[in-house]
Amino acid sequence: MTTTSTVATDDLPDTTRRYLDLLRSALTCSLWDGGDGSLWEPRGGAKRVVARAVRRTGMEIVKRATPQDRRDGLDWPRLAHTMTGERRMRNLQECTERVILDGVAGDLIETGAWRGGACILMRGVLAAYGVTDRTVWVADSFEGLPAPDSERYAADAGDRQHEFTELAVSVEQVRANFHRFGLLDDQVRFLQGWFRDTLPTAPIDRLAVLRLDGDMYESTTEALTALYPKLSDGGFCIVDDYGAVPGCRTAVEDYRAAHRVTDPITGIDWTGIYWRKHAPSTSA
């Protein structure tokens, strides 16, 4: 696996480029150097009791984030609309721009949307380029992560992310976040529910960008199984948790091996990776 810049993009009007830079920076709160911080959420013991007691008074204990934390997506932000981080958000923007410029057919989807920031960015890119014939699909349970099914997916045994209530963001809140940026319209569609129930029957014909952020082996393999065959040649498959969650990495490697996917993987940062499906020989 190599790490490099994503793709070159054609020149845009300065005002359009500034809009996309501002949108990305606002969604990540990197415009404020991650000054929103992250809520202090101890997982157990006396510290958790203290944190809950403070919250009942209407106050919060906030852990400071550094600009590097926010750039690399190393914290769970208090206010930002994504925990993806600036580097992975820039990758998503560039991949979305590239499929538009190259005329790669299909819609865009993220499986595992949290507060919706990455999907809002994709919709913003479509708006900036005046694209009206593509849909951004927002796929999430909107209830957090599922409890591990270790009998079917041994790699998820012991996973406790379903206990993290901060990962559960309602579909109403995500819709409100799109609306806040003026990007909630009929080019945004929501797939609410567990991936095993929603993705196999999703009314999606073709995809140009497939972004996976389901953390677990189960969520990753179910998304790949249902959606990767719909990814157009020249489209991008982006995996957020490849370096951070062993189960996710194993799911990607198992799928690629089983389906003989040999397109080279490129690293984005410490955890994110992507590859271009049957990349055109003329691509940058």
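**Figure 1. Helix H1 crosses helix H4 at roughly 140° in this predicted model.** The axes of H1 (residues 14-28) and H4 (residues 86-101) come within 10 Å. The crossing is right-handed. From H1, the residues in contact are Arg17, Leu20, Arg24, Leu27 and Thr28. They meet Glu86, Met89, Arg90, Gln93 and Glu97 of H4. By type, this contact holds five charged, three nonpolar and two polar residues.

**Figure 2. Helix H4 packs on helix H5 at about 35°.** The two axes lie 10 Å apart. H4 and H5 cross in a right-handed sense. On the H4 side, the contact is made by Met89, Leu92, Gln93, Thr96, Glu97 and Ile100. On the H5 side, Gly117, Ala118, Leu121, Met122, Val125 and Leu126 take part. Eight of the residues in this contact are nonpolar, three are polar and one is charged. Met89, Gln93 and Glu97 of H4 meet H5, and these residues also meet H1.

**Figure 3. The largest nonpolar core has 42 residues.** Val138, Phe178, Phe190 and Ile238 have the most contacts inside this core. Helices H1, H4, H5 (117-128) and H6 (171-180) each give two or more residues to the core. So do strands S5 (136-140), S6 (188-192), S7 (207-212) and S8 (231-239). H5 gives the most, with seven residues. A second, separate core has 28 residues, among them Ile109, Leu199, Tyr242 and Cys248.

**Figure 4. Val138 and its contacts beyond four places in sequence.** Val138 is among the residues with the most contacts inside the largest core. Its partners include Val174, Phe178, Val188, Phe190 and Leu191. Ala113 and Cys119 also touch Val138. Two charged residues, Glu110 and Arg189, are in contact with Val138 as well.

**Figure 5. Glu110, a buried residue in strand S4.** S4 spans residues 107-111. Glu110 has 2% relative accessibility, so it counts as buried. Two of the residues named here, Ala118 and Met122, belong to the H5 side of the contact with H4.

Conventions. Residues numbered from 1 in each chain as written. Predicted model: local features only at pLDDT ≥ 70, side-chain atom pairs only at ≥ 80, totals over all residues. Heavy atoms only, no water. Axes fitted to C-alpha atoms, helices over the stretch in contact; angles between N-to-C directions. Helix = DSSP H or I, 4+ residues; strand = E, 2+ residues; numbered from the N terminus. Left-handed = near helix turned anticlockwise from the far one by under 90°. Contact = heavy atoms within 4.5 Å. Buried < 20%, exposed > 50% of the residue type's maximum accessible area, 1.4 Å probe, protein only. Core = buried A, V, L, I, M, F, W, Y, C linked by side-chain atoms within 4.5 Å.
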